[in-house]
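Me: Could you walk me through this structure? I have not looked at it before.
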Amino acid sequence: MDGGSAQRRDSLISRRGLLKLGAVAAGGAAAGGLLSACSSGGGSGGGGSGGHLVFLSDQLSTTQETSDMRTKVLSGFKDSSVTFTSFSDTTQFIDQVIAQAKAGSGGLDVIGGLQGDFVALEAQTQLRDMSDVITELKDRNFPQAYLDLAKIKGAYRFVPWITATYLMVANKKALQYLPSGADVNTLTYEQLLAWGQALKKGTGQQLVGFPAAPTGLIKRFFQGYAYPSFTGGLNTQFKSAAAVSMWEYFKQLWAVTNPQSPTYAFMQEPLLSGEVWLAWDHAVRLSDALQQQPDNFVVFPAPSGPKGLGYEPVLGGLAIPASSKNVTQAKALISYLTEQQTQATMLNAESWFPPVGTSALPSSLAPGVSAEAKAIVATTGAAGALASQLPIGLGAQSAAYDKVFVDTFTAIALNGASIPATLASEATTLQSVLQSAGAACWKPDPASTGVCQVG
């Protein structure tokens with residue numbers, strides 16, 4: 001996980017951030033399985049007399065997270081009592097939701113998962129259209145980018161609930177080297193390169209940093225940031241002329257990047273040590289530095305490229321199964337979970353950020369957490385923001401998919417291989433991975449009929 005206190009929150013990247021595929025629940029998860037799972041899970045939040053709700057998720061599944069959800073978050077909901085159960089295995093979660101839908105028993109009232117979970121569910125069962133709830137909660141000021149991700153097959157299938165993304169952090173000592181006229185909040189990739197070059201010239205050190213260790217997340221930089229920002233796509237643009245230009249750019253940036261970057265899994269550590277003054281990483285993997293030394297760093301969105309500000313939100317949402325017999329109360333629970341105070345409690349207790357506009361951002365946050373939250377809002381609201389989805393539909397091919405991007409980076413940036421030749425070779429591997437998974441295209445690529453075709 002993400003080390004130190006971030007260890008319990010790494011679910012944003014692995015347990016939360018990726019579709020986790022494990023053994024299929026035995027017997028396809030019988031209709032009564034959820035209720036027994038709930039009773040064995042123990043605990044409930046809320047103490048209202050207005051009925052009882054069953055809330056199932058594949059998030060917040062560690063013992064501490066589940067306890068905090070019940071005692072700190074759901075305890076404030078007074079309209080109904082709530083039984084909260086979380087499966088750490090996404091496949092088990094999806095199987096249980098589908099089993100309940102097929103049984104039509106109404107034993108499940110609210111489901112909470114990641115955007116990719118809802119895509120997988122909608123492919124196998126009909127999800128309730130949540131457009132009415134989105135309309136009722138318009139004062140939450142959900143960013144349009146999140147609403148776009150919540151729309152699946154022409155309708156809103158979930159309400160944005162929790163989010164995180166990847167950000168940039170700079171030591172304040174680096175600001176004196178910022179290119180003339182550049183603003184960290186609207187930085188371009190060309191300005192980032194110039195900044196890195198100025199740092200090297202002024203200090204004699206390569207002070208840019210990327211998490212390029214085997215357990216680092218540099219793969220997400222290429223998948224959700226560099227490729228979309230330079231090409232407007234991902235798989236369909238993998239070996240395009242624009243992709244060649246992106247990799248040519250990155251080689252220049254790598255020349256001013258700390259040579260220890262291939263050993264960095266979490267950028268908070270080299271930021272705290274001063275080895276790196278300018279870094280990109282997941283918000284969770286930056287948080288220790290920001291919480292320990294909030295006055296020493298500035299936090300800001302990733303840069304923009306020729307096609308816009310590509311970024312990759314990790315978005316969790318809430319939905320009401322079509323079979324629920326407690327729709328009114330379920331709507332009330334969703335309303336409660338998206339209220340400003342509840343979102344602040346969620347952030348402080350569970351390290352999930354609220355998917356809201358600036359006006360609804362909680363005010364009582366620790367300085368480091370507040371800085372990240374504001375940078376996330378600035379990212380989602382930026383002109384030209386181009387949201388990418390985490391890889392969807394890869395199943396057992398997820399690791400092979402990520403390896404293509406790591407291998408491409410290794411060949412080009414570390415080993416100096418030919419960019420066009422490397423992209424041509426890796427494109428063949430990438431197409432094989434997508435074919436094996438039967439994966440259709442996902443954003444920022446346009447929707448495809450059948451397997452996504454590498455371009």
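Me: How many bridges join β1 to β2, and do they run parallel or antiparallel?
Reply: Strand β1 (residues 52–57) and β2 run parallel and are joined by 6 bridges, where strands pair if DSSP finds at least two bridges between them. Helices (H or I, at least four residues) and strands (E, at least two) are DSSP runs, numbered from the N terminus. This is a predicted model, in which local features need pLDDT of at least 70 and side-chain atom pairs count only at pLDDT 80 or more, while totals for chains, interfaces and linings use all residues. Residues are numbered from 1 along each chain as its sequence is written, and side-chain values use heavy atoms, with hydrogens and water left out.

Me: Which residue of β2 is the bridge partner of leucine 56?
Reply: Leucine 56 has threonine 85 in β2 as its bridge partner.

Me: And which helix does the chain pass through from β1 to β2?
Reply: The chain goes through helix α2 (residues 63–73), making a right-handed β-α-β crossover, that is, with the strands pointing away from the viewer, the path from the first strand over the helix to the second runs clockwise.

Me: Is β2 mostly covered or uncovered?
Reply: Strand β2 (residues 81–86) is mostly covered, with 6 of its 6 residues buried, meaning under 20% relative accessible area with a 1.4 Å probe and protein chains only. Ser81, Thr83 and Thr85 lie on one side and Val82, Phe84 and Ser86 on the other, and both faces are covered.

How values were computed
Buried means under 20% relative accessible area, exposed over 50%, partly exposed in between (1.4 Å probe, protein chains only).
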